[in-house]
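The structure comes first, and the description follows.

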Amino acid sequence: MSAKLWIEDGSRSDPKNKKGIHQIIGSTILRGCGPYNNNQLADIVESSGAILNCDTYEDGLLISLKCIESDAYKLIPLIGWMITQPTLEEDQIELEKDLTIKAIKRQKESTYQIAFDGWRKMIYANGPYGHDPLGSIKDINKLERKHILPIAKSLLIRKKNLVISGHFPDDIDNYIKNSKAFEKINQSNLADKNISEILKSSDLIIHQNKNIYTKSLRTQQVILLLGKATIRYNNEEDILLRLISCYLGYGMSSILFKVLREKYGVVYEAGIYHPIRENKTPFLMHASTTEEKAVFTLQLLKECWETIIDNEISAEELHLLKIKYRGQIAHSLQSVSQRAEHKAHLLGIGLTKDHDKEILYRLERISSKEIRNAANKYLKDPCLSICSNKEVIQKVCKKWNI
């Protein structure tokens, strides 16, 4: 069985000068909660051959438990204790701070990550989506237990969705309702005005004053990111952008693969980044290439981007696209863990448990004209992020500004 608890508000609600605090909370609540210290908690999980994690995303925290049915009664309470009674010992907080800082430093070794961070900062600035969920080294170094406690306490009053998938005890619902570990969660009078103020998210307003980000590095690799901030996942037109991302970058019949890989062979890797987000979702086309092919690759990326804006997809292409999209959904929901996580995420951002069925029903009626209209509405005037050496950046900037 797989249990997934989605808690609304992740790194997007990191307070000013405390970027990374949700990451530290999410990782530290695994290090002791309720009646168990760090070692006892680890022993319970490991002796059962189970997996217990907490991941921090922009829109929320996700606690994940994977175990066999017979261990459900022993392990499910741990999820409750992590929310209602995390111990948050200072030595464990310091350990997680150190591990997070090391993870950030490893990230900074990735040319792609540097390019993406630059694009994100250019588009979202200091808004809720303007930084990585891991946070910043400067802010994490300054975090203390006294800063973490009120945010951890706020987990009680945030909107939560628990989804259990697979084979589990029939009475698991009643067990959770009557469990001491979940007692405070099940109470309705937990609102705390001070905590509510702490949690207040900034509005996701974009103040963009340029359309290109460059980062000069000593490297022969070239990373190009072309993209825009678009619309919320629960927008009824989001499905149109999902189809466009599938058309451009999913599988060997995608435009990017056929043009950049098969026809011209200019890239090591190319694809689309279009995640599920509760607010303005990034829609990015990315490519890795060589110094010699950088300018030509940018030209091809722009042409691929403009293709979907200037032209309607043919009836044959649309039919294939719908088949691919159904397959993409099926592929992403193969395991009980994937299904539980997806449903918890959807419920967490305010959608219904039948959202996927509704989307597939609507899929049949979508026309090529609707897709082109969405591209014109949301994808015009993309922004570019490039990481490479100075010489390549100068050439690419010259091409970009033509």
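## The four-stranded sheet

Four strands, in the order β2-β3-β1-β4, make up an open sheet with antiparallel pairing. Two strands are taken to pair if DSSP finds at least two bridges between them. The edge positions belong to β2 (51-56) and β4 (160-165); each has a single partner strand, so one side of each lacks a neighbour in the sheet. On average, and ignoring direction, neighbouring strands here are turned by 10 degrees against each other.

Six bridges connect β2 with strand β3 (residues 60-66) in the antiparallel sense. Within this pairing, Cys54 has Ile63 of β3 as its bridge partner. Helix α3 (residues 72-84) packs on the sheet and touches β1 (2-8), β2, β3 and β4, and its direction makes about 160 degrees with that of β3. Contact here means heavy atoms within 4.5 Å.

## Basis of the model and conventions

This is a predicted model, in which local features need pLDDT of at least 70 and side-chain atom pairs count only at pLDDT 80 or more, while totals for chains, interfaces and linings use all residues. Residues are numbered from 1 along each chain as its sequence is written, and side-chain values use heavy atoms, with hydrogens and water left out.

Helices (H or I, at least four residues) and strands (E, at least two) are DSSP runs, numbered from the N terminus. Axes are lines fitted to C-alpha atoms, for helices over the stretch in contact, and angles between N-to-C directions run from 0 to 180 degrees.

## The chain as a whole

The protein chain holds 18 helices and nine strands. Along the principal axes, its C-alpha atoms fill a box of roughly 65 × 50 × 40 Å.

## The five-stranded sheet

A further open sheet has five strands in the order β5-β9-β6-β8-β7, and its pairing is mixed. At its edges stand β5 (212-216) and β7 (267-273), each with a single partner strand, so one side of each is left without a neighbour in the sheet. Neighbouring strands of this sheet are turned against each other by 10 degrees on average, direction ignored.

Strand β8 (residues 282-290) runs antiparallel to β7 and is joined to β7 by six bridges. Ile272 stands opposite Met285 in β8. Helix α11 (residues 238-249) lies across β7 and β8, at about 10 degrees to β8. Helix α18 (residues 390-400) lies across β5, β6 (221-229) and β9 (383-388), at about 160 degrees to β9.

## Packing around α1

Helix α1 (residues 21-28) packs against helix α4 (residues 90-107) at an angle of about 120 degrees, with the axes 9 Å apart. That makes α1 oblique to α4. Angles under 35 degrees count as roughly parallel, over 145 as roughly antiparallel, 65 to 115 as roughly perpendicular and the rest as oblique. From α1, Gln23, Ile24, Ser27 and Thr28 take part in the contact, and from α4, Gln92, Ile93, Glu96, Lys97 and Thr100. By class, these residues are two nonpolar, five polar and two charged. Ala, Val, Leu, Ile, Met, Phe, Trp, Tyr, Cys and Pro count as nonpolar, Asp, Glu, Lys and Arg as charged, and the others, Gly among them, as polar.

The axes of α1 and helix α7 (residues 145-153) come within 10 Å and cross at roughly 75 degrees. The two helices, α1 and α7, are therefore roughly perpendicular to each other. Ile21, His22, Ile24 and Ile25 of α1 meet His147, Ile148, Ile151 and Ala152 of α7. The contact of α1 with α7 has six nonpolar, two polar and no charged residues.

## The α13 and α17 pair

Helix α13 (residues 294-310) and helix α17 (residues 368-378) have axes 7 Å apart and pack at about 125 degrees. Hence α13 and α17 are oblique to each other. Ile308, Ile309 and Asp310 of α13 make the contact with Ile371, Arg372, Ala375 and Asn376 of α17. This contact has four nonpolar, one polar and two charged residues.
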